[in-house]
Amino acid sequence: MPDDSLGFAVSRLQRHSAELGEADVPPADAEDARRVLLSDGAVLVRDGSALHDAGAAIEDPATRIFLGRVDGAPVFAGSVAPEAVPADLQSLDLRTLAVEGAVPAHQLGLLATARSMLLWHARHGFCANCGTRTVMAAAGFRRECPSCGAHHFPRTDPVVIMLLRRGETCLLGRAPRFPEGMFSCLAGFLEPGETIEDAVRRETFEETRVRVGAVAYHASQPWPFPSSLMIGCVGQALDETITADPAELAEARWFDRAEVAAMLERRHPAALSAPPAMAIAHHLMRAFVDGRA
């Protein structure tokens, strides 16, 4: 089971999926139905929960998706216009929710699904085959083209994120957009026809000119910004010299376990830091410190 502190990785959702169609979709106003509501990509929260009862049917019906069931109760997701958000609902960015633990950990995986699905529908309203406006099907897990009959499914963009080891040190980098002093694992998107292992090797070499040998899978994390899957890996570096690509990295260097531990615990003498505990990079760095990676 995933660690509860790994953001978006824990979910109680029994998914509806595109294979089940419309036959077993319950009424949206069923007494036990629940809602996940988003407005401009942010989650609407009340009293520390993002699950609302059926009385909160304030979403645009055209955006409503049946996600599946949580603890036996049907759950729908929908978008709410900013001007229609009730005053008693708080609008929070999903990343903030995860970092601050503003909702139960098991709701984060559900929210990741809801946000990714709603954004996919908002951005893929036309057929990539013929350009005709598509219609929602399979309770929201598919879009269909009424003109050419093409079926379109939600996509996930795989990303490799890797901790590179060389002896008792690991390679970490700092992107130009990062807060000052924060270092993290290297990462990059998989390309078509590429294995996870080769993506780790390619991305590492492109960013640092360090060659990588063996690669092992560690853990994964949904990343709904808008819809990625972070595939955490540990790679064995074959080189020591780093030549950082300035377009990708402001800085890259080797760290020993003591330094990484200090970064994770925010007690580094140079005020260097690591990503928060909800990020898979944090877990990879912790595994290195603990001798598990």
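Strand β9 (residues 142–144) pairs with β10 in the antiparallel sense over two bridges; strands count as paired if DSSP finds at least two bridges between them. R143 has H152 in β10 as its bridge partner. Helices (H or I, at least four residues) and strands (E, at least two) are DSSP runs, numbered from the N terminus.

This is a predicted model, in which local features need pLDDT of at least 70 and side-chain atom pairs count only at pLDDT 80 or more, while totals for chains, interfaces and linings use all residues. Residues are numbered from 1 along each chain as its sequence is written, and side-chain values use heavy atoms, with hydrogens and water left out.

The open sheet has three strands in the order β8-β9-β10, with antiparallel pairing. Its edge strands, each pairing on one side only, are tabulated here.

| Edge strand | Residues |
|---|---|
| β8 | 135–137 |
| β10 | 151–152 |

Helix α2 (residues 105–123) packs on the sheet and touches β8, β9 and β10, contact meaning heavy atoms within 4.5 Å. The direction of α2 makes about 15° with that of β9. Axes are lines fitted to C-alpha atoms, for helices over the stretch in contact, and angles run from 0 to 180 degrees between N-to-C directions.

Helices α4 (residues 257–264) and α5 (residues 280–289) have axes that come within 9 Å and cross at roughly 140°. In α4, R257, V260, A261, M263 and L264 meet H282, M285, R286, F288 and V289 in α5. The residues of this contact comprise seven nonpolar, one polar and two charged; Ala, Val, Leu, Ile, Met, Phe, Trp, Tyr, Cys and Pro count as nonpolar, Asp, Glu, Lys and Arg as charged, and the others, Gly among them, as polar.
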